[in-house]
Amino acid sequence: MSRISQPDPELTHRLTRRGMLGVAAGATAAALVGAAATPAGAATEAASGSAGRGRPVLPPGRLGIQLYSLRDKVSTLGFAPVFAELAKYGYDEVEFAGYTQGSAGPITLAQLKRLARNHGLNPIGSHVGYYSDDPNAYTFAQNLTKVLDDAQALGLKHIGTASGPFRYGSTVDAWKRAAEEFNTYGAAARARGMKFYQHNHSEEFSFATDNPKVRLYDVLLAETDPDLVFLEMDIFWAYSGQFRFSKRPDGTAAPFEPLDYVLKQPHRYPLFHVKDGVSDPANTYGYRMTDVGDGDIDYQRFISAVTRLRGERFAHHWQAEHDQPTDSFTFARRSSEHLHSLREKC
């Protein structure tokens, strides 16, 4: 895979993710993608190769993929052939970024749930918008009941947003206000047997405009109820945040390690986005996004540190993602192979 520089990947991610809502499913076109298929056994073969003799870093049954990474294939082929490919690549779970209809034809939530299960894939979560100026928008703020109804119909255990808590600004009080709303969504989700979660980008690790000694992510953690609001750490964006915001606006040092957040409160991080990047200090974000295994983020270290905690090995779900893959099926296959090949150090 070539490593493609993206001058503003975070902005692209935020703008285009919204367009995934309503992405299609429908016509079966497995024959069109069969040539790209790799049996699920390939992941096992990779795991038994020269990567080491220790226990697999990745817990069995916990590898998923954010379907936003495959939006091009879903919109042209439909969900069924995409799910078939993911099953061949050794995936266990899928996280949605829209699940209604598109050019290939309509699909009901019941059909979508059945399709996933028929391919051995567990629907684990979904991203929905936080708020909108449109009172009819499909967001937590505007249509909480509908969002939760749909998540429940799909059998999701997690329902969240990839929107940052910037609704009221970047002050401490603004984030406290957003945290109160997140607590409300979390309570409503818990009443349905689900967990509400927020997925970060790098800006969450910036500093409050009214108190530059305070990191906004720390406000979110402190002001949300740990029994109601959970986090999906996007590991790529967290390390991008480390690159961008390890100094306060006045230039004083404020280093942090993303992994430390997880190790301190592992129960708050049921989900992760496993996304890789090539270190590039000339890039605004510090990294250029690439396929998992082709970058500089040490996933052997990161995943091992979390799963080796007492009682935590099966408490987390690891979702591969790439915002703009060169070829989405190739990304999915190679990412699975790499993650399955990782071994704990003896």
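Which residues in helix 8 meet which residues in helix 9?

**View 1. The contact of helix 8 with helix 9.** In this predicted model, Val172, Trp175, Lys176, Ala179, Phe182 and Asn183 of helix 8 meet Leu216, Tyr217, Val219, Leu220 and Glu223 of helix 9. The axes of helix 8 (residues 172–191) and helix 9 (residues 216–223) come within 9 Å and cross at roughly 40 degrees, which makes helix 8 oblique to helix 9. The crossing of these two helices is right-handed.

**View 2. The contact of helix 5 with helix 6.** The axes of helix 5 and helix 6 come within 9 Å, with a crossing angle of roughly 25 degrees, and because angles under 35 degrees count as roughly parallel, helix 5 is described as roughly parallel to helix 6. Helix 5 passes helix 6 in a right-handed crossing. Phe79, Ala80 and Phe83 from helix 5 meet Leu112, Leu115 and Ala116 from helix 6, and the residues of this contact comprise six nonpolar, no polar and no charged.

**View 3. The buried residues of helix 6 and their cover.** Within helix 6 (residues 109–118), Leu109, Leu112 and Ala116 are buried; they lie on the same side of the helix, because they cover an arc of only 60 degrees around its axis. The elements that cover these buried residues include helix 5 (79–88), strand 2 (93–96), strand 5 (122–126) and helix 7 (140–153). Just after helix 6, Gly120 adopts a positive phi of about 75 degrees.

Notes. Residues are numbered from 1 along each chain as its sequence is written. This is a predicted model: local features need pLDDT of at least 70, side-chain atom pairs count only at pLDDT 80 or more; totals for chains, interfaces and linings use all residues. Side-chain values use heavy atoms; hydrogens and water are left out. Buried means under 20% relative accessible area, exposed over 50%, partly exposed in between (1.4 Å probe, protein chains only). Helices (H or I, at least four residues) and strands (E, at least two) are DSSP runs, numbered from the N terminus. The arc is that of the directions from the helix axis to the C-beta atoms. Contact means heavy atoms within 4.5 Å. Axes are lines fitted to C-alpha atoms, for helices over the stretch in contact, and angles run from 0 to 180 degrees between N-to-C directions. Angles under 35 degrees count as roughly parallel, over 145 as roughly antiparallel, 65 to 115 as roughly perpendicular and the rest as oblique. A crossing is left-handed if the near helix is turned anticlockwise from the far one by less than a right angle, and right-handed if clockwise. Ala, Val, Leu, Ile, Met, Phe, Trp, Tyr, Cys and Pro count as nonpolar, Asp, Glu, Lys and Arg as charged, and the others, Gly among them, as polar.
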